[in-house]
6 protein chains.
Amino acid sequence: MIRTDGRKVNQLRDVKIETDYLIHPEGSVLITVGQTKVICNATIEDRVPPFLRGQGKGWITAEYSMLPRATESRTQRESSKGKVTGRTMEIQRLIGRALRSVVDLEVIGEKTIWIDCDVIQADGGTRTASITGAFVALTIALGKLYDRKQLSHFPVREYLAATSVGILEDGGVVLDLNYEEDSAAAVDMNIVQTSGGEYVELQGTGEEATFSKKQLLELLDFGDIGIKQLMDVQHAALGELATKIGEGGPETV
Amino acid sequence: MIRTDGRKVNQLRDVKIETDYLIHPEGSVLITVGQTKVICNATIEDRVPPFLRGQGKGWITAEYSMLPRATESRTQRESSKGKVTGRTMEIQRLIGRALRSVVDLEVIGEKTIWIDCDVIQADGGTRTASITGAFVALTIALGKLYDRKQLSHFPVREYLAATSVGILEDGGVVLDLNYEEDSAAAVDMNIVQTSGGEYVELQGTGEEATFSKKQLLELLDFGDIGIKQLMDVQHAALGELATKIGEGGPETV
Amino acid sequence: MIRTDGRKVNQLRDVKIETDYLIHPEGSVLITVGQTKVICNATIEDRVPPFLRGQGKGWITAEYSMLPRATESRTQRESSKGKVTGRTMEIQRLIGRALRSVVDLEVIGEKTIWIDCDVIQADGGTRTASITGAFVALTIALGKLYDRKQLSHFPVREYLAATSVGILEDGGVVLDLNYEEDSAAAVDMNIVQTSGGEYVELQGTGEEATFSKKQLLELLDFGDIGIKQLMDVQHAALGELATKIGEGGPETV
Amino acid sequence: MIRTDGRKVNQLRDVKIETDYLIHPEGSVLITVGQTKVICNATIEDRVPPFLRGQGKGWITAEYSMLPRATESRTQRESSKGKVTGRTMEIQRLIGRALRSVVDLEVIGEKTIWIDCDVIQADGGTRTASITGAFVALTIALGKLYDRKQLSHFPVREYLAATSVGILEDGGVVLDLNYEEDSAAAVDMNIVQTSGGEYVELQGTGEEATFSKKQLLELLDFGDIGIKQLMDVQHAALGELATKIGEGGPETV
Amino acid sequence: MIRTDGRKVNQLRDVKIETDYLIHPEGSVLITVGQTKVICNATIEDRVPPFLRGQGKGWITAEYSMLPRATESRTQRESSKGKVTGRTMEIQRLIGRALRSVVDLEVIGEKTIWIDCDVIQADGGTRTASITGAFVALTIALGKLYDRKQLSHFPVREYLAATSVGILEDGGVVLDLNYEEDSAAAVDMNIVQTSGGEYVELQGTGEEATFSKKQLLELLDFGDIGIKQLMDVQHAALGELATKIGEGGPETV
Amino acid sequence: MIRTDGRKVNQLRDVKIETDYLIHPEGSVLITVGQTKVICNATIEDRVPPFLRGQGKGWITAEYSMLPRATESRTQRESSKGKVTGRTMEIQRLIGRALRSVVDLEVIGEKTIWIDCDVIQADGGTRTASITGAFVALTIALGKLYDRKQLSHFPVREYLAATSVGILEDGGVVLDLNYEEDSAAAVDMNIVQTSGGEYVELQGTGEEATFSKKQLLELLDFGDIGIKQLMDVQHAALGELATKIGEGGPETV
C-alpha cells in the first residue's frame with residue numbers, strides 16, 4: 001500500500017526540531033512534522049500550585065492552542081469564545097502528565113515549568129508533535145537551571161516522545177497519520193513512550209468502530225518504530241545536553 | 001494478595017443496575033458498583049446538532065456531573081464556578097464516543113439521544129460505571145422508539161461495558177479499582193469493550209510512572225474478566241429488550 | 001372538590017424522609033413528597049465567609065440544583081450554560097435564610113454548614129421539600145458536632161418546615177400543589193414556618209392575578225395544617241436527636 | 001415612638017415622581033422616595049421572547065441596577081464581575097412579574113416592554129420605589145402606543161404600587177424603612193398592591209427572626225396606608241393619562 | 001456654514017456642571033453638554049492595585065457605563081451580556097490615563113481614586129464630557145482629603161478638560177460634535193488638554209477616510225477654543241477649591 | 001544622541017516581510033521589526049456581520065493576540081482567563097479600522113476579510129508591526145479574489161503602514177521605539193498613514209506627562225520618515241501585486 005503522500009505504512013513524516021527559536025523563553029523549540037508546525041516554549045516560575053505548596057516538589061503543566069488559521073478553515077479563538085474547548089483541555093492535561101512521568105519533580109524543588117505549545121500550522125498529529133517538541137524545550141530549560149547549579153542532579157530520567165498510529169477504513173495499519181488520514185481513520189491511537197520502551201500514555205479510540213487485541217499489537221509495533229526515530233531527532237537537537245539525560249545522581253529513586 | 005476491601009485481584013465489586021429509576025426520562029437507570037452510584041438518564045430530542053443537519057443521521061451525546069458531596073470532601077459545583085473542568089469534559093466526550101460506536105446512527109434518524117450521568121456517590125470508577133449504566137439507559141430509550149415503530153430495526157449492534165484496571169505501587173495488577181486504590185495506583189487504565197471482545201477505547205496512563213507491553217497484556221486480561229461480568233448484569237437488567245441487541249435488519253451495514 | 005390526583009384540598013402528598021442516604025456527608029437525607037424527590041446533604045466546613053471572620057459566629061448557606069431530567073422535558077445544565085439562573089439563586093438564598101432563622105449561629109462557632117439540595121425528580125414544591133429535608137440533614141450534621149463535644153448546647157431552637165399553598169384558576173384554595181396544579185395556579189404561596197407557629201418566610205405571588213386579604217388568611221390556615229404534618233415526619237426521621245431540639249442551654253438568648 | 005429621621009411609624013418618606021426625565025425612552029421617570037432615587041425607563045420593542053412567539057400576546061420584562069456609588073461604600077459593577085448577583089435577579093424578576101399582573105398583555109400584541117430601573121442613589125426601599133416608578137413609566141409608554149391607535153383599548157387595568165413594612169428590633173412595626181432601619185430590622189416585608197386593594201406580591205422575611213399571624217396583620221395595615229399615598233402621587237404624575245387606567249374596552253376579559 | 005442645531009462651527013454646546021449631585025460619593029458631579037448628561041462620581045479607597053503596593057504612590061482608575069436607554073434605541077446591559085465591550089474598555093482606560101497626567105500620585109499616598117462615569121443621556125461626546133466632569137469630581141474628592149490634612153499639598157497640578165473636533169463629510173471642520181454629526185463625520189478627533197495648553201491625549205481617527213497635516217492643525221485650533229471655555233465652567237463649578245489647583249508645595253516636582 | 005541599540009533617533013529597526021509564511025490562509029505574512037515578530041494571516045469568509053447584511057458591501061475585521069512567552073515574562077492566556085483584555089480590544093479595533101480606510105469595501109461585495117495578527121515575539125511596536133504586516137496579507141488575499149475574477153477592480157486604493165514615535169524622558173524625540181524605550185517614554189504616539197501622506201489614525205498619549213504642539217510636529221516629521229521606509233519594504237514583498245494598488249477602475253468613488 002502506498003499512502004496519499006507517498007509514504008510507506010510504517011514511515012514517519014519528515015521531522016525537524018529547531019532549538020532557541022524565540023529569545024525570551026528558558027527553552028524554545030519549533031518542531032515540524034510534515035506540514036505540522038508547533039512552537040513549544042518552556043517557562044520557569046518560582047512557585048508551585050496551591051496543592052503542592054510546602055512539599056519541596058516541583059510541577060510541570062502545559063497549555064496548548066492553535067492559531068485561528070493553523071487549520072484549513074478558520075477556527076474561532078478560544079479567547080473570543082471566552083472558554084477553552086474540551087479538546088484543548090484533554091490535550092493540555094495529556095502533555096503535562098506525560099512530561100511529568102520522566103522528570104524527578106523532587107529535584108526541581110518548588111518551581112513550576114510551564115509548557116506552551118502553540119500550533120502555527122496543523123496537518124494532523126499536533127498533540128504528539130507537541131509532546132515530542134515540548135520534551136526538548138523542557139530539557140533545555142532544565143539545563144539552564146542545572147548550569148546555574150540550582151539542581152542537585154539532572155532531573156530528566158529518560159527521553160519521551162509521542163506519535164500516532166491508526167487503522168484506515170480499509171483495515172490497513174499506518175504510522176503517523178496526517179490530517180487527511182486522521183479524518184478518515186476507523187481507529188486512532190496516540191502513544192507516548194520512553195526511551196526504555198515503556199508506555200506513559202496509550203489512548204486508542206474507535207471512531208464509530210472497534211479494534212481487536214491482534215490489531216492493537218500491530219499498532220504498538222508501528223509505534224515502536226516511530227518513537228525510536230523521533231528520539232534520534234531529539235537527541236541531535238539537544239546536542240551536549242543529551243548526555244545529561246538519565247545520568248541521575250545520588251538522590252535518584 | 002488480598003485487597004483492602006477483601007477482594008481478589010481479579011474480582012469486580014458488587015454491581016447492581018436498577019431500571020426505571022426516575023419517571024420522566026425515556027431511559028433511566030441507577031447503577032451501583034461497590035459504593036459508587038450513578039444515575040444514568042437518556043433523553044430523546046427530535047433534532048441533531050448543526051454539523052449533522054440534513055444527513056438523516058442521529059447523534060448520541062453525554063453530560064457527566066457529580067453532586068458536591070458525592071465525594072469525601074465537598075467539591076464546588078461547576079455551575080457556581082461558571083465553567084466545566086477539563087476532567088468533566090474528558091469524561092463526557094468519552095461516554096458519548098463509546099456509546100456511538102455500537103449504535104447504527106443512520107437508523108435513529110435526525111434525533112439526538114442525550115445521556116446524563118450524575119454521580120450521587122463516588123468511590124472510584126465513576127466514568128466506567130457511567131458508561132456501563134448509560135448503555136442500559138440508552139438501550140431502554142431506543143426500545144421505546146422501536147416499540148413506537150419509529151425505527152426500521154433495533155439500532156444497538158452489541159453490548160458495551162467499561163471497567164478499570166491498574167497496577168498498584170507494589171506492581172500488582174488489579175481489576176476495578178476503588179477510590180483508595182485508584183489514588184495510590186502507579187498505572188490506571190480504562191477499558192471500554194463490546195460483547196464481541198473488541199476495544200472501543202483504551203486509555204492507559206502512568207501517573208508519574210510507566211508500564212511495559214507485558215504489563216499491558218496482563219491488564220487487558222483482567223479487563224476481559226470484568227467486562228464479561230458487567231455484561232451479564234446488563235443482560236439481566238434489560239429483560240426482554242436484551243434479545244433485540246444485535247438482531248439487525250435489512251439495512252444493517 | 002376532588003383534585004386531579006384524588007387528594008382533598010387540604011391534604012398533603014405522601015411524605016417520606018430517609019436519613020443516612022449517602023455515606024460521605026455529615027448529614028444526608030432523601031426527602032420524597034409525592035413524586036418530588038430531593039437529596040439534601042449537609043457539609044461542615046471549618047471556616048466562615050470573609051464578612052463573618054473573627055466574629056466567633058457560624059454560617060449556614062445553601063445550593064440548589066436539579067438533574068437535567070428531573071423535569072418532564074430535559075433542562076440544560078447550569079454548568080453548561082456557565083451561569084446560574086435567577087430562579088436557582090432565589091431558591092438557594094431562601095433555603096439558607098430559612099435555616100439560619102432557627103439556629104443559634106453563635107453556638108456553632110466559626111464554621112459554615114453547606115446545604116446541598118439536589119432535586120433528582122421534580123413534580124412541584126421542590127423548594128419547600130428542599131427546606132423540609134434540609135432541616136433534617138442540618139440537624140443530623142449538628143448532632144455529630146454535638147456528640148463530639150464541639151458545641152456548648154444543641155443550637156437548633158425549633159423545627160422548621162415549608163410547604164406551598166395556592167389558589168387554582170377556579171378560585172379554590174389548595175395545599176401542597178403538584179406540578180400540574182402549580183402551572184395552572186392563579187396564586188402561589190410558599191410558607192416557611194417554625195414549630196412555634198411563627199413565620200420565617202411568606203412569599204405569595206399572583207401569576208398575572210391578585211389575591212385579597214380574606215384569601216390570604218385561608219391560604220395561611222391550609223399552610224398550618226401542612227406544616228404540622230411535615231414536622232411529624234421530621235420528628236420521626238430524627239429519632240433520638242429530636243429530643244435535643246429546643247433544649248437550649250445556659251447561653252441561649 | 002419617633003423614628004431616627006423623625007417620621008411617625010406609619011408615615012411614608014417624601015415621594016416625588018418626575019415624568020419625561022430623559023428624552024430617548026418611550027416612558028421615563030425619576031422617582032424619589034426620601035433619599036432613594038431611581039430612574040425608571042420604558043422601552044417598546046417590536047417582538048416578544050421566543051417562548052411567546054406566535055401567540056399574539058405581549059410581554060413586560062425588567063432590568064435593575066445600581067450605580068456603584070448609589071451606596072455608601074462603592075459596590076463593584078456587575079459588568080466588571082461578569083455576572084449579575086442573585087439579589088439583582090430576584091428584584092428584576094419581581095418588578096416584571098408585578099407589572100404584568102395589571103396589564104392586559106393580549107391587548108399589547110407581540111411587543112415587549114422593557115423596564116429599566118437604575119438606582120442612582122440608595123437609602124432603602126429601592127425595589128419598591130422601582131415598582132412604583134416603573135408603573136408610571138410603563139403607563140406613559142403604553143399611552144404613546146394608544147395615542148398612535150396601536151391598541152384596541154388602554155391595557156392598564158389598575159394602579160400598582162409597592163412599599164416596605166417591617167418590625168424593628170424592639171418589636172415596633174414601621175412603614176417604609178430607610179436603609180438604617182432596614183439593616184437593623186428583625187422582619188422585612190415588601191408589599192405590591194393594586195388600587196383594588198388586592199395583593200400581587202407579598203414577601204415577608206425574618207432575618208434570623210420570625211413573626212406571628214397577628215404581627216402580619218399589623219404589617220399589612222401599615223402597607224395599606226402607604227400604598228394609598230403612593231397611588232395619589234402616581235395619579236398626579238400621570239395627569240390626563242390617569243383617566244385611561246381601568247377604562248377597559250370591548251375586548252376586556 | 002450653520003450646523004443642524006444652529007451652532008457656529010467653532011461653538012461648544014451649552015455646558016453645565018452641577019456639584020454635590022449625589023450624597024454618598026466623596027466627589028459627585030452631573031455634567032451636561034447639550035443633551036449629553038453624565039454622572040461623574042469619585043470614590044476614595046484606602047489601598048492601591050497589587051502592582052503599586054509598597055511604593056507609597058496613589059492610583060486613579062475609571063469605569064464608564066451607559067444606561068440602556070441613554071441612547072435612542074435600547075442597548076443591552078454589559079452585566080447581562082456578561083462582558084464589557086471593547087468601546088467601554090477603551091473609554092475607561094482613556095479617562096483614567098488622562099486624569100493621572102495632572103495629579104501628583106506620590107502626594108496621594110497608597111490610595112485609589114475610583115472615577116465612575118455613568119452616562120444617563122447620550123448625544124455624542126460622552127467620553128469627553130466624562131473626562132471634563134470627572135476632573136471636577138476628582139478635584140472635589142481630593143479637596144476633602146486635603147481638608148482632613150491627609151495630603152502634604154494639593155496634588156492637582158493643572159486643569160484638564162476634553163472635547164471633540166471633526167471633519168464633516170463636506171470637509172468642514174467643527175467643534176464639539178453632537179451624535180448626528182459624529183455619526184456622519186469623516187474624521188473624528190478627541191483632544192484632552194491641560195490648562196497649560198499641552199496635550200495629554202490626541203486620538204484622531206478617519207472613519208473610512210483620512211486627513212492631512214493641514215487639516216490636523218485646523219482641528220487643533222478649534223480644540224483650543226473649546227477647551228478654554230470648558231475650563232471656565234470647571235473653574236466656576238469648583239468655587240474656592242479652584243484656587244488650590246497648581247499651588248503645589250515644597251515637594252512639587 | 002545614540003540609542004541603547006545603537007540606532008540614530010530617526011532610524012527604523014531592520015524590517016523584513018516574508019510572504020506565504022503558512023500554507024492554509026489566503027494571505028500569510030511573517031513581519032519582523034527588530035526583535036518583534038508577528039504572523040499576519042488573512043482569511044476570506046463569504047458573509048458579513050449582521051449589521052451589514054443586504055448592503056452589498058464587504059467588511060474587514062481583525063483579531064490580535066500574543067503567545068504567552070512572546071514577552072520577557074510569561075503572560076497568562078486570554079483563553080484561560082476567559083476574557084480579552086482592554087488592551088487587546090483596543091489594538092484589534094485599531095487594526096480593523098485602519099485597514100478599512102484604504103479599501104473599497106463595495107468592490108469586495110458581501111465578504112468579510114478576517115485579519116489575525118499573532119505576535120510570536122514582542123519587543124515593542126507590536127500593534128504598528130501588525131498593521132504594516134496585515135496590509136500585505138490583506139493585499140495578497142484580495143489579489144487571489146481578483147485573479148479569480150471576483151472583483152470588478154482591485155480594491156486597495158493606497159499603501160498603509162504604521163509606526164510609533166515618542167519622546168524619551170530626557171525630551172528627545174525618537175522613531176520606532178523598542179520595548180525598553182517604550183517602557184520609559186514620556187510620550188508615545190502611534191501613526192497610521194497612507195502612501196498619499198494622509199493620516200488614518202493618530203494616537204498620542206502622555207504617560208503621566210504631556211506634549212506641546214511644537215513637539216507634536218516633530219513627532220509627525222519622524223513618523224513621515226519611518227512610514228516611507230516601511231512602504232518600500234511592503235512594495236518589495238508584494239512583487240507584481242504592488243502594481244495593482246491604486247489602479248482603481250470605472251467604479252472608483
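**Reading a predicted multi-chain model**

Modeller: Chain A contains 6 helices and 9 strands; helices (H or I, at least four residues) and strands (E, at least two) are DSSP runs, numbered from the N terminus. This is a predicted model, in which local features need pLDDT of at least 70 and side-chain atom pairs count only at pLDDT 80 or more, while totals for chains, interfaces and linings use all residues. Residues are numbered from 1 along each chain as its sequence is written, chains are lettered from A and ligands numbered from 1 in the order in which they are written, and side-chain values use heavy atoms, with hydrogens and water left out.

Colleague: What radius of gyration does chain A have, and what would a compact globule have?

Modeller: The radius of gyration is taken over C-alpha atoms, and the globule rule is 2.2 Å times the number of residues to the power 0.38. For 253 residues a compact globule would come near 18 Å, and chain A agrees with its 18 Å. The C-alpha trace of chain A spans about 55 × 40 × 30 Å along its principal axes.

Colleague: Which residues other than glycine have a positive phi, and are they buried or exposed?

Modeller: One of them is A:Lys149, with phi near 65 degrees. A:Lys149 sits in the loop between H4 and strand E6 (160–167) of chain A, and its 74% relative accessibility makes it exposed. Another case is B:Asp176, with phi near 60 degrees. B:Asp176 belongs to the loop between strand E7 (173–175) and helix H5 (179–184) of chain B, and at 3% relative accessibility B:Asp176 is buried.

Colleague: Which residues does the UniProt annotation "binding site" cover?

Modeller: UniProt positions are given in the numbering used here, feature names are shortened, and annotations may be inferred rather than shown by experiment. In the unreviewed entry, "binding site" covers A:Arg87, A:Gly125, A:Thr126 and A:Arg127. These residues span 41 residues in sequence, yet no two of their C-alpha atoms are more than 13.4 Å apart, so they gather at one spot.

A:Thr126 lies in helix H4 (residues 126–147) of chain A and is buried at 6% relative accessibility. Leaving out residues up to four places away in sequence, A:Thr126 touches A:Thr36, A:Val38, A:Tyr64, A:Arg87 and A:Val119. A:Arg127, also placed in helix H4 of chain A, counts as buried at 18% relative accessibility. Beyond its neighbours within four places in sequence, A:Arg127 is in contact with residues including A:Arg87, A:Glu90 and A:Asn190.

Colleague: How are paired strands read, and over how many bridges do E2(C) and E3(C) pair?

Modeller: Two strands pair if DSSP finds at least two bridges between them. Strand E2 (residues 27–33) of chain C pairs with E3(C) in the antiparallel sense over 7 bridges, and C:Gly27 has C:Ala42 as its bridge partner in E3(C). The two strands form a hairpin with 2 residues between them, where C:Gly34 in the turn has a positive phi of about 60 degrees. E3(C) also pairs with strand E5 (residues 112–121) of chain C, antiparallel over 9 bridges. In E3 (residues 36–45) of chain C, 8 of the 10 residues are buried.

Colleague: Which strands stand at the edges of the open sheet of 8 strands?

Modeller: That sheet has the order E7(E)-E6(E)-E8(E)-E9(E)-E9(F)-E8(F)-E6(F)-E7(F), with antiparallel pairing. Strand E7 (173–175) of chain E and strand E7 (173–175) of chain F stand at the edges, each with a single partner strand, so one side of each lacks a neighbour in the sheet.

Methods. Buried means under 20% relative accessible area, exposed over 50%, partly exposed in between (1.4 Å probe, protein chains only). Contact means heavy atoms within 4.5 Å.
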